[in-house]
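Trainee: Could we go through this one together? I would like to learn what the terms rest on.

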Protein chains: 4
Amino acid sequence: MTHKIAILGASGYTGAELVRLIAEHPNMEIAALSADRKAGMSMDQVFPHLRHMNLPTLCKIDEIDFSGIDLCFCALPHKTSQEVISALPKDLKIVDLSADFRLRDAQAYKKWYGNAHSALAEQDEAVYGLTEFYREDIKGARLVAGTGCNAATGQYALRPLISAGVIDLDDIILDLKCAVSGAGRSLKENLLHAELSEGYNAYAVGGTHRHLGEFDQEFSLLAGRPVQVQFTPHLVPANRGILATVYVKGDAQAIHDTLASAYAEEPFVQMLPMGEVPSTHHVRGSNYCHIGVTADRIKGRAIVIAALDNLTKGSSGQALQNANLMLGEEETTGLKMAPLFP
Amino acid sequence: MTHKIAILGASGYTGAELVRLIAEHPNMEIAALSADRKAGMSMDQVFPHLRHMNLPTLCKIDEIDFSGIDLCFCALPHKTSQEVISALPKDLKIVDLSADFRLRDAQAYKKWYGNAHSALAEQDEAVYGLTEFYREDIKGARLVAGTGCNAATGQYALRPLISAGVIDLDDIILDLKCAVSGAGRSLKENLLHAELSEGYNAYAVGGTHRHLGEFDQEFSLLAGRPVQVQFTPHLVPANRGILATVYVKGDAQAIHDTLASAYAEEPFVQMLPMGEVPSTHHVRGSNYCHIGVTADRIKGRAIVIAALDNLTKGSSGQALQNANLMLGEEETTGLKMAPLFP
Amino acid sequence: MTHKIAILGASGYTGAELVRLIAEHPNMEIAALSADRKAGMSMDQVFPHLRHMNLPTLCKIDEIDFSGIDLCFCALPHKTSQEVISALPKDLKIVDLSADFRLRDAQAYKKWYGNAHSALAEQDEAVYGLTEFYREDIKGARLVAGTGCNAATGQYALRPLISAGVIDLDDIILDLKCAVSGAGRSLKENLLHAELSEGYNAYAVGGTHRHLGEFDQEFSLLAGRPVQVQFTPHLVPANRGILATVYVKGDAQAIHDTLASAYAEEPFVQMLPMGEVPSTHHVRGSNYCHIGVTADRIKGRAIVIAALDNLTKGSSGQALQNANLMLGEEETTGLKMAPLFP
Amino acid sequence: MTHKIAILGASGYTGAELVRLIAEHPNMEIAALSADRKAGMSMDQVFPHLRHMNLPTLCKIDEIDFSGIDLCFCALPHKTSQEVISALPKDLKIVDLSADFRLRDAQAYKKWYGNAHSALAEQDEAVYGLTEFYREDIKGARLVAGTGCNAATGQYALRPLISAGVIDLDDIILDLKCAVSGAGRSLKENLLHAELSEGYNAYAVGGTHRHLGEFDQEFSLLAGRPVQVQFTPHLVPANRGILATVYVKGDAQAIHDTLASAYAEEPFVQMLPMGEVPSTHHVRGSNYCHIGVTADRIKGRAIVIAALDNLTKGSSGQALQNANLMLGEEETTGLKMAPLFP
């Protein structure tokens, strides 16, 4: 049986990535693609790399007949997303890629995103989309909230450690190196090739990045008490990839054992042998996350490093993985392609 | 039925690309991987991006039992390749990715490659592997010679034009812009990131690049008389991609019509509308070739531009396309993945 | 004696490059910097790499007292430039970096730029700024029109050959590879890192690039009859550099001799030995232009390759070289820094 | 008066950078350039970007008449450097760029570099070359040991803080992002463009990087008791630049005040306003170091970020700064060029 799929906001990078992935899926068919300002254009005008595909013309959202849609990916900007989703049919399965339904607490949402949430019923209904940790809930969910790409990377490194109590909860530092596609296809001066290539810098320093809302929510929930981490993202001259270098206090071997055990059966999370380090080079374009652990020379300290592709495992690949669960498909279908190297 | 596949020379980029592609193939199984100097290592030590796959350990060629192999890809350096292939079982199907069997004439081989050919029987037997133009021969072939990646790109732009007689055969200029993976995984100073990134230059200028041997052979054969083109490759700071800017004399509309007609039914060669230009960005990691035609302001001149991924359509993707034909599989199986963008 | 310098349009890349260069000039002092939309900001807010310098605050043009200015660099967009310059004091020395005064013929200007020229008196007065060929005129000029960066590169390769009559004037092809800073600091989708890095493409194909107006004007003037060249620019993933691969018909040795002789005494144009090729890597950040000549395997054909930095020799360095002449300074002052490699 | 300069090991990146910088120095003249394996070649064969300069032919070290040399830069690999320097005239002023004389303790040297030190007298005599902190000693020194580039970056961020006692000495984490030229011009697979561009990874994780020897020595000396930091370097796809993100415990305002006060009169170390972050983009090719401080959302924690160019301020620029002091020149001569951006 073929599931009919709609993608709202198909003219951005996560939209294009969804199309790339779904093209490989034997049981999904793209039935509608929306892009508000580009409605009426063909997809290959917006993304010439999809020229070989036979895709629906971009349309406005209200031109879509959702009665024929089995699942809708929503790749719209946050705030727009909640407005659109609250107006969609109440029985439509939705995977949202925006930030709008990641935070369960309306106050937390307002604190990090600045505006009051306008779709509280859906916020309440939404399941957090970090597949490996919310798998059962996602299977039964109608609305799944895709995680932040940075938030996903950090959580893969830390969740089992917090659950197992093998690290000091009050001294966790995440130093992230992020590729530029995470910022989307937006026209900002610092995203120009001439401004970005050949150099790098931190941004949102000091605990101001919005993905901290997810870390706070999830880590505190796991620990059963408030947990706050330090998190410094850096923009590096590459298109895809997030590398999280996580500094923790705890026994490196126990940390490695805990992670290895937690991910032993996971198809997409790969533990490296003790002392080996992952690289974003080796996950590019794939749904895999690689994790390594190294003991520091200072006793009682360890470095956990996680690498994934922000557009795939960090966003659209995760979304498809969740959609598979929601539609009763095998979780890994369409997602097992190898990374592109070099 | 699953075909058992061997890849000789699996530690180079074309070897890794074959593994990436075959991983998606429903009817192929990698049964053996050789790498002379790295025999005994696991593939993920050599290519960590393949860590998630369950692959045979790298071995020496003579450790492989070819009786259980249905088809062998040979991704060895030229000269080595002819020695190895002439010693393989005479009934083993082989796709060679080296330069060793591309030239039909032993003198031409010696002229361009410097050494006398040591496997003349196989040279005689080999079919030239440009699928779209040798499809029927390839179906029945035992040994197929993969083309040069530059040679493939130029031929896609020019073969139908030469056959149709719509361009001046004495005034063809190919200006190629080549990504660095075409040079392989070899340790050369000019391939270092610090030497290559942020700049670019021509190389093998003046008609000295070896792929000219293929152009001379194929174009002269098509024209029924000697044809020599000018060909200047440039090394640009990117990992994958070849862009051929081809300057020809002829009527642009006739040129576009000829190419559009020639490739109308081809699954992997995509003609752009008149006046549009392809980009290597839009074929990365895929088996597609995009071709555009533009009339110059000077009457009677046109520019034909072709773009493909040197490792996929220019090498390993082409090899798999040919292997599909040789094994009675659908030609496109395992090869329809969309390009990776961004 | 210190010359007081004003730079109009200081918030763009050519403006910043002028500041970088003038900082090294012993006899120039930056007295005023304008940037219309960023007036009131300090230069280090706009260009943090200039943080260590003590520079005037950005202002609006009409806030500048030009009576104290010895020379004004105008780095404004074309069309704006002619409006501003026609309103400046008539005795103010000006080096314009825009396209507005490059073409001597008002009709040609309108053809290539779309709008009627609004400063015909200044257009008439302006001297074309290709220093090596207009040196004497520039010394006495009040208004010098900086050349297009692509136009400069092509002319260094071709002018002496056209003058000497050693090449076929009806069959000249310039295939240019251009770095992205030539497009300025403008917010365009195709200039984003995620869109540009790791790939490349032609643009303005078929004879539509505006710098052709300069080629037509200058080459026809040199030849004493109309000369039209083919010119295809390509955008490559690098920040600085232009590489012109020029295909000509003529004797390679005569071509090399002609160029070597023409540039023998030039401080900034360096001829490479016969058969060697230049690279943009080796001129980055400098005012040097490297030129190489190679004979093709086809008798009577040669490839001339020229490399320069579009922001330095192709624009701001050229402008300073001209300003030196206009102010009676040594032509090379402030311009002899070595390229930055790697 | 012009100082005669020799550069040993001129065929590497730090050698070429010295030539680039000295070319701008009014009182220095390059009298000799050595490169063991490339002796007999001209410098422009090894570094074509220096083609415009009139430089001595590369020679072997024993071909140099050191009696005419005022100061010798030694840009040789460690271990080789100590052997060469111990054989040079005992009254020759030397700035060594290798690791050989950075560590004062022979045991520490052996621990970090693996071999016993063979030039103990010179090790004893050498002054540590971090100019801003050893200025007076360097003025009178005969042999100055240039610092590691990572070690320099971390020390600029931390030395004043350790001296002032405003941070917790037992909880300092340095997460460094390093460009590839720091690895030199060596032929290693992971330095190839195809392996490095578009991705990034940590290396020498867990406290194994040799520059830790310098941190341990200098920080413990400043603190008057053993201090050990955590230090994780990362290789990012850029050619020049080091960004140190330093996580400390202390009051952010006190930290900013301490650094601002320490560097108030320094010509090359620039403090950014509280909360602003530096970027390697803004120091490329220059001798400047930019430092920013931001308070974390977690009370009592701060992030200090320092950026410099590894080849300039981190190596050859530092070396020239020290040479100026040793020769009685103004410290900043030849070093005030602006960064290259973009």
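Mentor: Gladly. This is a predicted model, in which local features need pLDDT of at least 70, side-chain atom pairs count only at pLDDT 80 or more, and totals for chains, interfaces and linings use all residues. Residues are numbered from 1 along each chain as its sequence is written, chains are lettered from A in the order in which they are written, and side-chain values use heavy atoms, with hydrogens and water left out.

Trainee: How many residues of chain A are in contact with chain B?

Mentor: In chain A, 33 residues are in contact with 33 residues of chain B, where contact means heavy atoms within 4.5 Å.

Trainee: What is the area buried between chain A and chain B?

Mentor: About 2900 Å², with carbon and sulfur atoms giving 63% of that. Buried area is the accessible area (1.4 Å probe) that two parts lose on being put together, summed over both.

Trainee: What rotation superposes chain A on chain B?

Mentor: One of 180°, with 0.0 Å of shift along its axis and an RMSD of 0.0 Å. The two copies are therefore related as by a two-fold rotation axis. The same surface serves both, as 100% of the contact residues of chain A recur in chain B.

Note on methods. Copies are superposed by least squares on the C-alpha atoms of residues with pLDDT of at least 70 in both.
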